[in-house]
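Opening the notebook on this one.

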There are 2 protein chains.
Amino acid sequence: MAQSRLPRGFKASGVHCGIKRFNKDLALIYTDSPAKAAGVFTKNRVKAAPIHVTRDVLSKGLPIHAIIINSGNANCCTGKNGNNDAKKMAQVTSENLGLKFNNVCVASTGIIGKRLPIDDIVRSIPVAVKRLSEKGLKGLAKAILTTDRREKIKTLRFSVDEKEVNITGVCKGAGMICPNMATMLCFIMTDANVEKDALNTALKRAVNNTFNRITIDGDMSTNDCVLILANGRSENKIIRKNTKSFELFLGMLNEVCLHMAEAIVKGGEGATKFVRVNVCGAKTEDDAVAVARSIADSCLVKTSVHGQDANWGRIAASIGASMAGGISQKRMEIYLDGVCMFKKGTFTNPSGRRTSRIYKKKAVRIDINLRNGSKCAGMFTCDLSKRYVEINSHYLT
Amino acid sequence: MAQSRLPRGFKASGVHCGIKRFNKDLALIYTDSPAKAAGVFTKNRVKAAPIHVTRDVLSKGLPIHAIIINSGNANCCTGKNGNNDAKKMAQVTSENLGLKFNNVCVASTGIIGKRLPIDDIVRSIPVAVKRLSEKGLKGLAKAILTTDRREKIKTLRFSVDEKEVNITGVCKGAGMICPNMATMLCFIMTDANVEKDALNTALKRAVNNTFNRITIDGDMSTNDCVLILANGRSENKIIRKNTKSFELFLGMLNEVCLHMAEAIVKGGEGATKFVRVNVCGAKTEDDAVAVARSIADSCLVKTSVHGQDANWGRIAASIGASMAGGISQKRMEIYLDGVCMFKKGTFTNPSGRRTSRIYKKKAVRIDINLRNGSKCAGMFTCDLSKRYVEINSHYLT
């Protein structure tokens, strides 16, 4: 099964250490071949301890061999103890795998402000090491989830210089999903041989086009983190920037990230609809992004999608509220599921037959043409349902 | 009854013209003495037709004698017809009252994108004129509502130079309530004798401290508008800027606006809790506002308040997500209903007895000390409930 395969040289495992009552909550990624690594992190000014530790580890520039991840507890706002706990997770993992401290990254997701049950984690790390397997992808994907409804995995295979290259990503999403690193956690493994600078650039670009373009509730997490490990086991000619093979690799990486970003939105807390917002005709890309984000973040737009109500007026208000430059009521056009609702400054009054299908499908589209330039941007979001309120009114602190 | 009194020289009425099925939907304010006027309008880049018309009228500088207002239809995104309709409302009103076009302001609130039933409105304006009465305050307050649960009125009486001065405000709120002119419509009448420039300054300051500090769903309206008319009938010595009487007038105006801003939040769609967010210890006022707004706009914070769940972690994440300057996890402090939850970088672990009362009352408080300076700012919001989703999934387009 293609879905459950790790790239060459990678092993993974997922075990239960006791943070959650029943489900897997501790995951381990391991590559025996040394991997180049790159990471993109939350821009939130309040960052979790593992974010600081992993950034420090990456800054040392040593090869990365492992990532240790827990779910159910974010290890955020936990002070000095939290920092020590994150380091302890990396340290115990490195010892059990015969590695150095700076060969191991660490990540956490879950509730903010509670101390990690570090003894339980330390006790379970050897178990996670023992269970490492080439078939461990699904266990890994399960062990990083919180309120997600299912695991999110994407695998791609392609050729670079006639060598087979694999990229596999796993991620978790659900809530507190917003601007600037939308998913909480995403780990990408590849056996591609990639120059470090190229890997960094490719990851940043792919994340910007995918994870940074989704929003569920406008809430930015403290733990967002995308890590990529490239262990070179494909033995392809090294991929450098500004080459054909780089463009190919970037395209494939983008594809993996896009799939996962979409999966996060589809699995959004309480989501019943997948909403694609496309803005074109903007003067600058920033304007296009601002308009798309303003629509995608609007509670009123999201509830109208939920109610299958073709309320384009709320979209018009969101476009204006974006404060983007060059918005003209006379020029802008609004399309819902392909039906033009607003053009030349007024309601187009389409037939009931045409409007009756708007927002009826599971995947819906909102297209805006600002008719003010040539720049475009897209954004993915979901609807806002009572179930979202229910889930988040009763999430245990 | 103090609540139902208009300042001297003012009359008002509210009638049913047929935009709504049953309730009053056309309101008129009239002062026989010429009034100085000032207005503050939505910053949304997509503005409704009446906003443009009223801004033009005010710019002419003639005395204002009347405001004609309809509810149930925002007259927004209605193109040239919409602009003509707004002008027609003002014109017919001026004719029926023996005034000039530029003596009359116009305002609308309700659904975006539908053309006004202008014939019905024109037919009903003479009725509204005929019903004008010194006792018409409640009718006026009723006729400007949309999904609001009740009318919002505030009256204050005080003395300037031993002359009695009255300020009366009416407003409507409910949804699409957010930054930069939060309420959709607010009309303030006073018999104070105020210099025009002083009136303008006082209104801007009062709005900035009150209506601009509330948020219900983060959605900025296209029709927001606060208008004040001062007809000088108190015959007090004219109030000029930088005087004691100006400070007194500003204080009273602020009080009226604050009362109405709070009433809007309390009447927020689906609201069950009134939330006061106070941020102090910021380096700049902008930082304090940014942090307060980030917390008040967070769906996750609002659902946790709704669920009476003392989830301070989501508040910590919102503080960081504000991107305000000088935020330090080690210094910042979080208090929920007076109980310190986070200090010196960690959870304070207060007793169950103390935390059990958090978010239990109808009015709750979130206090933040950034411990980074001396600037403060407050924000009012409400919780996010299933009822909000229900109302807004089924609002008829």
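**Entry 1: helices 2 and 3 of chain A**

I started with helix 2 (residues 79-97) of chain A and helix 3 (residues 118-130) of chain A, which pack at an angle of about 25 degrees with their axes 10 Å apart. That makes helix 2 of chain A roughly parallel to helix 3 of chain A. My cut-offs for the wording: under 35 degrees is roughly parallel, over 145 roughly antiparallel, 65 to 115 roughly perpendicular, and the rest oblique. Axes are lines fitted to C-alpha atoms, for helices over the stretch in contact, and angles run from 0 to 180 degrees between N-to-C directions. Helices (H or I, at least four residues) and strands (E, at least two) are DSSP runs numbered from the N terminus.

I noted the crossing of helix 2 of chain A and helix 3 of chain A as right-handed. Handedness goes like this: left-handed if the near helix is turned anticlockwise from the far one by less than a right angle, right-handed if clockwise. On the helix 2 side of chain A, the contact uses Asp85(A), Lys88(A), Met89(A), Val92(A), Thr93(A), Asn96(A) and Leu97(A). Helix 3 of chain A brings Ile118(A), Ile121(A), Val122(A), Ile125(A), Pro126(A) and Val129(A). Contact here is C-beta atoms, placed from the backbone, within 7 Å. By class I get nine nonpolar, two polar and two charged residues for this contact. Nonpolar covers Ala, Val, Leu, Ile, Met, Phe, Trp, Tyr, Cys and Pro; charged covers Asp, Glu, Lys and Arg; the others, Gly among them, are polar.

A reminder to myself: this is a predicted model, where local features need pLDDT of at least 70 and side-chain atom pairs count only at pLDDT 80 or more, while totals for chains, interfaces and linings use all residues. Residues are numbered from 1 along each chain as its sequence is written, and chains are lettered from A and ligands numbered from 1 in the order in which they are written.

Next came helix 8 of chain A and helix 9 (residues 312-321) of chain A, whose axes come within 9 Å and cross at roughly 155 degrees. They are therefore roughly antiparallel to each other. I logged this crossing as left-handed. Leu300(A), Val301(A) and Ser304(A) of helix 8 meet Arg314(A), Ile315(A) and Ser318(A) of helix 9.

**Entry 2: across to chain B**

I then followed helix 8 (residues 299-306) of chain A over to helix 11 of chain B: the angle is about 70 degrees, with axes 8 Å apart. That makes the two roughly perpendicular. Leu300(A), Thr303(A), Ser304(A) and His306(A) face Val389(B), Asn392(B) and Ser393(B) in this contact.

For the whole interface, I have 54 residues of chain B in contact with 52 of chain A. Which helix of chain B gives the most to that side? Helix 9 of chain B does, with eight residues. The chain B side divides into 21 nonpolar, 24 polar and nine charged residues.

**Entry 3: symmetry**

A rotation of 180 degrees with 0.0 Å of shift along its axis superposes chain B on chain A, RMSD 0.0 Å. The two copies are thus related as by a two-fold rotation axis. Of the residues of chain B, Lys386(B) comes closest to the axis, at 2.4 Å (C-alpha).

Definitions and conventions
Two residues are in contact if their C-beta atoms, placed from the backbone, lie within 7 Å. Copies are superposed by least squares on the C-alpha atoms of residues with pLDDT of at least 70 in both.
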